[in-house]
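Subject: Structure for your review

Dear colleague,

Please find the structure below, followed by a summary of what was found in it.

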Amino acid sequence: MKKFDLIVVGAGHAGCEAALSAARLGLKTLLLTINLEKIALMPCNPSIGGVGKSQLIAELDALGGEMSKIADETFIQMKTLNMSKGPAVQSKRAQIDKKEYEILMKKIITYTKNLILRQGTVKKVLINDSKVSGIETEEGSSFLCQSLVITTGTFLRGRIIIGDKEYAAGRMGEYPSARLTASLNEIGIKTDRYQTATPPRVDKRTIDFSKMKEQPGENDIYFSFWKKSKNKSNISSFLTYTNKKTHEVIASNISKSPIKSGIINTHGPRHCPSIDRKVINFPEKVRHPVFVEPEGRNTNEAYLQGLTTSMPIEFQKMIVNSVAGLENARIIRPGYAVEYDYIYPNQLNLTLESKNIENLYFAGQINGTSGYEEAAVQGFVAGVNAALKLLKKPPFMLKREESYIGVLIDDLLTKELVEPYRMYTSRAEQRLLLRADNADIRLAKYGHSIGLLSHREYKKVLNKIKSIENITNLLKSKFVKPGEEAGKIFNYLGSSDIEAPVKLYDLLKRPEIKIIDIMQYFLLNENKIDSEVLKQAEINIKYEGYILKQLEENKKYSTIEGISLPSEIDYHNVSGLTFSAQEKLNYFKPETLGQASRIAGVSPADISILMINLKSRKI
Amino acid sequence: MSENDTIVALATKAGNSAINIIKLSGNKSIEITDKIFKSANKKKISKLNTYNIVYGKVYDDKNEVIDEAIVSVMKGPKSYTREDVVEINCHGGIASVNKIIDIILQKGARLAEPGEFTKRAFLNGRIDLSQAEAVIEIINAKNITSLKIAANNLTGNSRKAIKNIREQIVNIISELEVKIDFIEEDLETMPIKKIIKEIQSIEKKIIELIDNEKKSEIIKEGIKIAIVGKPNVGKSSLLNIMTGKEKSIVTHIPGTTRDVVEETLNLDGVPVIFKDTAGIRTSKNIIEQLGVKKSREEIENADIIILILDNSKKISDEDRELLKITDGMKRIILLNKIDLKNKADIEKLDIDNLKRVIKISAKEKIGINKVIKEIKKIALGEDEFLYEEKVIVNKRQRVLLENALVDIENAIKTIKMNYSEEFIITDLKSANSKIAEITGEKTGEEILNKIFSKFCIGK
Ligand SMILES: Nc1nc2c(ncn2[C@@H]2O[C@H](COP(=O)(O)OP(=O)(O)OP(=O)(O)O)[C@@H](O)[C@H]2O)c(=O)[nH]1
Ligand SMILES: [Mg+2]
C-alpha cells in the first residue's frame with residue numbers, strides 16, 4: 001500500500017493551498033480529487049477579493065500562500081472598492097478568467113516537488129486508536145498517511161435542486177461524494193446540512209450591452225506583495241436592474257421556488273439570497289441590481305450576479321429575459337441550489353485539527369464557511385499545521401487581534417453559526433489595525449518562520465519596516481518655521497498658516513496635507529522613498545489616535561488569551577459556573593480562556609471562576 | 001495570571017461605625033493616592049514604608065477638600081492581594097465616599113468586579129489553594145447579589161431607556177456598516193446629516209440618564225427605616241423630633257397616623273428615609289385596617305426597623321406581636337415616654353440584649369442622640385450589603401454611561417472631521433459595548449443581524 005505523510009481530499013481552493021503548503025514544507029503529499037479537470041474551480045462568481053475578503057487574501061499572500069499570485073496572473077479586471085474611505089476598508093476585487101485560474105493552479109500543483117495529484121473519491125477514513133492512518137477510495141485503492149486534510153467543499157452528499165428536480169451531485173455536472181459523511185460520522189464527527197445557490201449563465205453574444213451601464217476596472221493594482229504581475233487586463237462588467245416585470249414573474253410563480261415548495265429547508269447564506277427570496281422579503285424594492293460579469297477570455301459565458309435562483313428552468317428564462325439588456329439572452333447553464341454536508345466547526349482546534357481524532361484536519365466550505373478566500377486561508381492553516389505537527393514543530397495559530405484569519409477561525413470555534421460564514425471587515429474588532437496594506441508587516445514574520453516565505457522576501461519586509469521608522473523619525477525631528485514662503489505653501493495646499501514652528505509630523509495630521517506634499521515642499525533633499533513606505537508612515541501618523549486606541553484595546557486580549565483550558569473538562573462539574581455557561585462551555589470546548597470569554601452566555605464572573613479553578617488545578 | 005491594573009472598591013468594615021474604607025489594589029494605587037491625598041506631615045504616600053498610616057486630606061481637582069482621611073499603605077507582595085494596596089479611611093459619609101471614588105476612577109483606576117480583591121489574592125498566591133472553593137463561592141455570591149442589585153437599581157424607565165439607546169446605536173452602526181461591507185450593493189442608507197442627528201439624540205439621552213442616575217442615586221441609596229409600634233407610643237413624635245419638622249400629626253388619640261408618612265433625613269451624608277407608620281393593632285375601622293396592612297408592608301421593605309414601646313403602659317399583645325414580626329431583622333428597640341412612670345416590664349420580654357433597648361422621651365428630647373448613633377452604626381458599619389454593593393453597582397452603571405458618552409462625543413467629532421464610516425463606527429461600537437455591559441449583554445452578532453433584517457443584501 002502506498003504511504004504518504006499527508007493526504008489532502010479535494011482540490012478546491014482550500015485543498016490546493018493545503019497541499020501546496022504542506023508539500024513545500026517537505027511533506028510527501030497526495031492531493032486526491034474527484035475530477036482532475038476541475039482543480040481550483042470557481043463554481044459561483046469567478047471573482048476573488050471584495051470587502052473583507054481582499055484582507056484575507058493579503059494575509060494569505062503575506063504568509064506565502066498561492067491564491068493572490070494566481071489571481072494577479074489571471075484576472076481580467078481589477079478594481080478598488082471603498083476608494084473614498086480609509087485604508088482599513090479599501091478592498092481590491094478581481095474578476096478572474098475562470099479557466100486560466102484552474103490551468104495555472106493545476107500547473108503549479110503538478111510541478112511542485114513532493115506533491116502528487118491523483119483522481120479518486122474517498123469513501124472511508126481509516127483510524128487507528130483515534131488517530132488517522134489512511135483512506136479508502138470508491139475506486140478500490142487504499143493509501144496510508146500520517147495526516148489527513150479534508151476539504152470537500154459542497155461535495156459531501158451533494159444534492160442539486162432546480163425547481164422540482166433534484167439529483168445527487170457535488171456541483172453541476174460532477175459526481176458527489178456519497179459515503180464519506182457516513183465514515184466521518186462513524187468516527188464521531190458531527191455533521192449538518194447547508195445550502196447555497198448560483199445564478200444562471202448566459203451567452204454573451206445574446207446580451208444587449210447598450211442597455212446597461214459599463215463598469216470598467218482600474219489599472220496597475222494587484223494583490224500580491226511579492227511578485228508584480230505583468231497582467232494588464234481590464235475587461236468591463238456591466239450593470240443592469242431587475243424591474244416590475246421580473247418581480248411579477250417571481251411573485252406569481254413563487255410556489256415553484258424550492259425555498260417555498262419546501263424542497264429546500266436548509267440554511268443558505270444570508271449575504272447571497274436568491275432573487276426569489278429578495279422579492280419576497282423586500283417587496284417594497286422596485287429593482288435589484290444585476291451585474292453581468294464575463295467568465296473569461298476564451299468563453300462567451302457571462303455570470304449574472306444578482307439573479308441567483310433555483311426556480312424551474314422555464315421560469316429562470318422568464319426572469320432573465322425580463323431584465324433590460326437580457327431580453328434575448330440565452331441561458332447556457334441554469335442556476336441551481338446545492339445542498340451539502342458540513343461539519344460543526346466547534347469540533348476543531350485553532351489549528352483546524354479535529355479535537356477528537358488526531359491528525360485529522362478540515363478546511364473550507366466543509367467547515368460551514370462560504371467563499372473561495374475563506375476556504376483558501378483555512379486550507380493554508382490546515383496544511384501548514386499538519387506539516388508542522390509531523391515535523392514536530394510548534395503549531396501555527398493566528399490571533400484574532402492580529403489577523404482576519406485569526407478572526408475567521410476564532411469565530412468558527414466560538415460562535416453559534418446559522419448560515420455559511422462569510423468574512424466582513426465588521427467582524428474584526430481591530431479593523432483599523434488589520435489592514436490589507438500592512439498584512440506583510442503583520443504576518444510575513446510567521447510566513448518566514450514557518451518556512452513558506454523566502455529570506456529574500458522577508459528581508460524586503462524588514463527593510464520596509466526600517467524605512468517606515470526612519471521617515472517617521474525624520475518627520476518628528478524636522479520643523480517648519482513660519483514665514484512668507486511657508487505661508488505660500490500652506491495657502492497653496494488649502495491649509496491654514498502657522499504662527500510658531502510646527503513639526504512635520506504634526507502637519508501631516510492635518511486632513512488636507514498629504515505625505516507627498518510634505519516630501520515635495522519640506523523634505524526636498526530626501527532621497528526618493530518607496531511609495532509603500534510613505535503610505536504606511538502616513539497612515540500611522542494620520543490615524544494615530546484611532547490606532548493607539550485599538551492597540552490599547554489589544555492589551556485587554558493578551559492576558560487571558562494565552563491561558564489554555566484543558567480539553568477534557570466536563571464543565572457541569574465545575575462549581576460556581578452558571579448553568580448557561582456550563583452548557584455553552586461543554587458545547588464549544590474552548591481551547592483558551594480568551595475564547596471562552598467570547599462565547600455568548602459566558603459572563604466575566606464565569607471567567608473569573610474558570611481562572612480560579614485553573615489556578616487551583618481543579619480543572 | 002494577574003492583570004495588575006488598579007482596581008478600587010468601597011470596603012466598609014463591619015462594626016466600624018461612620019467610617020468608610022476605600023480600597024485600591026494594583027500597580028498604580030500608590031501613584032493615584034498621591035494625586036488626590038495630602039498628608040498632614042506633607043509626606044508622599046510613595047515615600048512611606050509598608051504598613052504605615054498617615055492622616056491627611058483628600059482633595060478634588062479644584063484643590064478643594066472633600067474629606068479628612070487616614071491612609072494606610074501595604075506594598076506588594078506583603079499585602080492581601082500581593083499587589084500595592086492602599087486603604088483610605090474616610091469619615092464624611094457616603095456622599096463624599098462617592099466623590100472620592102469618582103476622582104480615583106478619573107485618575108486611572110477601575111471599579112473592582114464583584115469579589116475581585118479576593119480573586120487577585122487567590123491568583124497571586126496569597127490565599128491557600130485549598131480555599132479555592134471558598135473563593136469561588138465569594139465571587140459567585142457577590143456576582144449574584146450585584147446582578148440582583150443592578151437589576152433592582154435599574155428602574156423600569158432607565159432600563160427601557162438603555163435598551164432604547166442600544167437599539168439606536170446598533171441601528172446607526174448597521175447603517176454605517178453597510179456602506180463599508182456592502183458597498184457593492186445598491187442600498188439606500190441614512191444620510192450623514194441624519195446620522196449626526198441620531199447620534200446627538202443618543203448623546204442627549206445618555207446625559208439625561210446620567211443626570212437621573214445621579215439624582216435617583218441619593219434617593220435609592222437612602223436607608224429605609226420604618227418606625228413601628230402600637231398606637232400612641234410616640235412614633236410620629238419621634239419622627240418630628242428627628243427631622244425637625246412637624247410632618248406627622250401628633251395627638252393623644254391612638255390611631256392618629258392612618259397612612260405612611262415619609263421623611264428624608266441626611267445623617268452625615270447618608271440619606272435616611274423614615275417611614276412613620278400607622279400603629280399596629282387589630283381594628284374594625286376599615287381605613288385604619290388598611291393603614292395597618294401598609295405598616296406591615298413597610299416592615300417587609302425596610303432596611304432598618306425602629307420599634308417603639310411605651311414606658312407608661314403595660315407590654316401588650318400588640319407589642320409582643322411586633323417583636324415577633326421583626327425578630328431577625330435589623331432593628332432598634334426604643335422605650336419611649338421615660339418621663340412618665342414606668343409600667344412596662346420589659347425585663348420580662350424575650351429580647352436577646354436588653355441593654356440595647358434605648359430609653360428615650362420624645363417629649364423631653366431625651367436619648368435622641370443615642371438613637372441617631374445607633375442608626376448610623378447599623379447603616380454604615382455593619383451592613384456591607386447596603387453600601388459596598390449598592391453604591392458600587394450604581395456607580396458602575398454611571399461610569400459606564402459616562403465612558404459611553406465620551407465615545408459618543410468622539411463619534412460626533414469624527415464625523416465633523418470628515419473621517420469615513422469605519423472610524424465613526426469604532427467610536428460607536430465602543431459606546432455600544434459599554435452600554436451593553438450595564439445590562440450584562442454581549443454585543444456579538446446583533447449588527448450583522450440588523451443589517452440582514454433591514455437591508456436587501458445579495459447581488
Ligand atoms: N409624656 C410623653 N408623651 C409623649 C411622648 N412621646 C409622645 N407622647 C405623646 O403621646 C401621644 C401620641 O403620640 P404620637 O406621636 O401621635 O403617637 P403615634 O405612635 O404616632 O400614634 P398613632 O399615629 O396614633 O399610632 C401624643 O399625645 C404625644 O404628645 C413622651 O416621650 N412623653
Ligand atoms: Mg402617629
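The side chains of Glu445(B) and Arg427(A) meet in a salt bridge, with N and O 3.6 Å apart; the term denotes a side-chain nitrogen of Lys or Arg within 4 Å of a carboxyl oxygen of Asp or Glu. Please note that this is a predicted model, in which local features need pLDDT of at least 70, side-chain atom pairs count only at pLDDT 80 or more, and totals for chains, interfaces and linings use all residues. Residues are numbered from 1 along each chain as its sequence is written, chains are lettered from A and ligands numbered from 1 in the order in which they are written, and side-chain values use heavy atoms, with hydrogens and water left out.

Between chain A and chain B, the count is five salt bridges. There are also 15 residue pairs in polar contact between these chains, both residues being at pLDDT 80 or more. (A polar contact is a pair of N or O atoms within 3.5 Å; within protein, one must be able to donate a hydrogen and the other to accept it, and residues adjacent in sequence count only if both atoms are side-chain atoms.) On the side of chain A that touches chain B, H21(A) gives the most, with seven residues. Helices (H or I, at least four residues) and strands (E, at least two) are DSSP runs, numbered from the N terminus.

The contact takes 52 residues from chain A and 46 residues from chain B, where contact means heavy atoms within 4.5 Å. About 4,600 Å² is buried between the two chains, and carbon and sulfur atoms give 60% of that area. Buried area is the accessible area (1.4 Å probe) that two parts lose on being put together, summed over both.

Over all chains, the count comes to 61 salt bridges. Within chain B, Asp61(B) forms one with Lys107(B), the closest N and O atoms being 3.0 Å apart. Asp61(B) lies in the loop between strands E4 (53-59) and E5 (65-74) of chain B, and Lys107(B) in the loop between helix H2 (93-106) and strand E7 (110-111) of chain B, so the pair ties together parts that are 46 residues apart in sequence.

A cis peptide bond, with omega about 0°, joins Gly76(B) and Pro77(B). Asp129(A), a residue other than glycine, has a positive phi near 55° and is found in the loop between strands E7 (122-127) and E8 (132-137) of chain A.

Yours sincerely
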